[in-house]
Amino acid sequence: MAKNNLNVLILNWLVFVALLITLFGGAKATEICNIDISKLNLCKAAITGKNPPKPTARCCAVIKKGQLSCFCRYKSLLPALGINPTKALALIKKCGLKPPSGCREN
């Protein structure tokens, strides 16, 4: 059990460091969950606001390239980036993909 907690802590720390590097321009392309995070902006409209529009085909193309189970592991970090985890994980279904088992929107 302690080993799993350590693994989760290390993975969360690595994601945080990758985000910081990207935000401060130190990296040309940073991938998280098999997606270049600069391309996640294509999905921003579909996950913001009270009634976001349907995701675009370009957004869904980005989501389809990702490792969906990986997204689920990092959903707790999304609010720190100004992203609502429920709306972000709803993109999986809205893009016609099956959510990984154990991955809930709420």
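Among contacts (heavy atoms within 4.5 Å) between residues at least 6 apart in sequence, 54% join residues at least 24 apart in this protein. The structure is a predicted model, in which local features need pLDDT of at least 70 and side-chain atom pairs count only at pLDDT 80 or more, whereas totals for chains, interfaces and linings use all residues. Residues are numbered from 1 along each chain as its sequence is written, and side-chain values use heavy atoms, with hydrogens and water left out.

**Confidence**
- The average pLDDT, the predictor's confidence in each residue from 0 to 100, is 77 for the protein, and 69% of the residues score at least 70.
- Confidence is lowest in helix 1 (residues 2–23), with a mean of 60, and highest in helix 3 (residues 57–65), with 93.
- Where pLDDT is low, the predicted coordinates should not be read in detail.

**Fold and surface**
- The protein has five helices and two strands, which follow the order α-β-β-α-α-α-α from the N terminus; helices (H or I, at least four residues) and strands (E, at least two) are DSSP runs, numbered from the N terminus.
- Of the 106 residues, 33% count as buried, that is, under 20% relative accessible area with a 1.4 Å probe and protein chains only.

- Helix 5 (residues 85–94) has Pro85, Ala88, Leu89, Ala90, Leu91 and Ile92 buried, and their cover includes helix 2 (44–47), helix 3 and helix 4 (68–73).

How values were computed
Buried means under 20% relative accessible area, exposed over 50%, partly exposed in between (1.4 Å probe, protein chains only).
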